[in-house]
Amino acid sequence: MEGGCIFCDIISGRLPAVKLYEDSYVVVFLDICPASPGHALVVPKYHAESLEDLPEAYRSRLLSTVARVAPAILRAVGGEAYNVLINNGRPAGQEIMHVHLHIVPRRTGDGCKTLYCRRTKPGWEELKALGERIRAAMRAS
Ligand SMILES: [Zn+2]
């Protein structure tokens, strides 16, 4: 996508980024507003707004790239664990409309709460009814 997408501009080299890894499918670079040191973004080299619009070869490469890069990030920043997150769509917090995956290094007691919201406790019957609605939606698609 020419113009208007900062991730496409980073992929093409028109904008700078601190790149950690790159191959023909993905580029990994440091987030410029990190939630923790080493917070990185895994970005497919294909402009699609959402995960479901991404060709499978690019989509599957996202997760295998996490397994390749995240352990090195942890070693470099002294992290103990990490969160993997995709904000898919604006109501979910997506700000750059080019699908991307966050790797957020974590440490015990780091106080990072950005990934958590209030949890509910629905009854078993409510869960079963919702499960049936979702399975029906999958059959219909
Ligand atoms: Zn793009």
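**Close-up views of the predicted model**

**View 1. Phe7 is buried, with 22 other C-beta atoms within 10 Å.** A residue counts as buried if 20 or more other C-beta atoms lie within 10 Å of its own, as exposed if 12 or fewer do, and as partly exposed in between; C-beta atoms are placed from the backbone. This is a predicted model: local features need pLDDT of at least 70, side-chain atom pairs count only at pLDDT 80 or more, and totals for chains, interfaces and linings use all residues. Residues are numbered from 1 along each chain as its sequence is written. Phe7 sits in helix 1 (residues 6-12). Helices (H or I, at least four residues) and strands (E, at least two) are DSSP runs, numbered from the N terminus. Leaving out residues up to four places away in sequence, Phe7 touches Val43, Ile96, His98 and His100. Contact here means C-beta atoms, placed from the backbone, within 7 Å. Phe7 and His98 are 91 residues apart in sequence, yet their C-alpha atoms are 6.9 Å apart.

**View 2. The largest nonpolar core has 18 residues.** Such a core is a set of buried Ala, Val, Leu, Ile, Met, Phe, Trp, Tyr and Cys residues joined through C-beta atoms within 7 Å. Val28, Ala40, Leu41, Val42 and Ile103 have the most contacts inside the core. Helix 1, strand 2, strand 3, helix 2 and strand 5 each give two or more residues to this core. Beyond its neighbours within four places in sequence, Val28 contacts Lys19, Leu20, Tyr21, Ala40, Leu41, Val42, Thr65 and Val69.

**View 3. Helix 2 (residues 56-77) bends by about 30° at Val69.** The bend is the angle between axes fitted to the seven residues ending at a position and the seven starting there. The 22 residues of helix 2 reach 32 Å from first C-alpha to last, close to the 32 Å expected at 1.5 Å a residue. Expected span is 1.5 Å times one less than the number of residues. Arg61, Leu62, Thr65, Val66, Ala70 and Ile73 are the buried residues of helix 2. They pack against strand 1 (19-22), strand 2 (26-30), strand 3 (40-44), strand 4 (81-85) and strand 5 (101-106). Just after the helix, Gly78 takes a positive phi of about 75°.

**View 4. Lys45 lies in the loop between strand 3 and helix 2.** Lys45 is partly exposed, because it has 16 C-beta neighbours inside 10 Å. Residues up to four places away in sequence aside, Lys45 touches Ile11, Ser24, Tyr25, Val26 and Val27. Lys45 and Val99 are 54 residues apart along the chain; their C-alpha atoms are separated by 9.9 Å.

**View 5. Helix 3 (residues 124-140) lies largely in the open.** Helix 3 reaches 24 Å from its first C-alpha to its last, close to the 24 Å expected. Confidence in the chain is lowest here, at a mean pLDDT of 91, and highest in strand 3, at 97. The pLDDT is the predictor's confidence in each residue, from 0 to 100.

**View 6. The chain has 3 helices and 5 strands.** From the N terminus on, the elements run α-β-β-β-α-β-β-α. The C-alpha trace spans about 50 × 40 × 25 Å along its principal axes. Buried residues make up 21% of the 141 residues. Of the contacts with a separation of 6 or more, 56% join residues 24 or more positions apart. Mean pLDDT is 92, and 95% of residues reach 70 or more.

Note on methods. Two residues are in contact if their C-beta atoms, placed from the backbone, lie within 7 Å.
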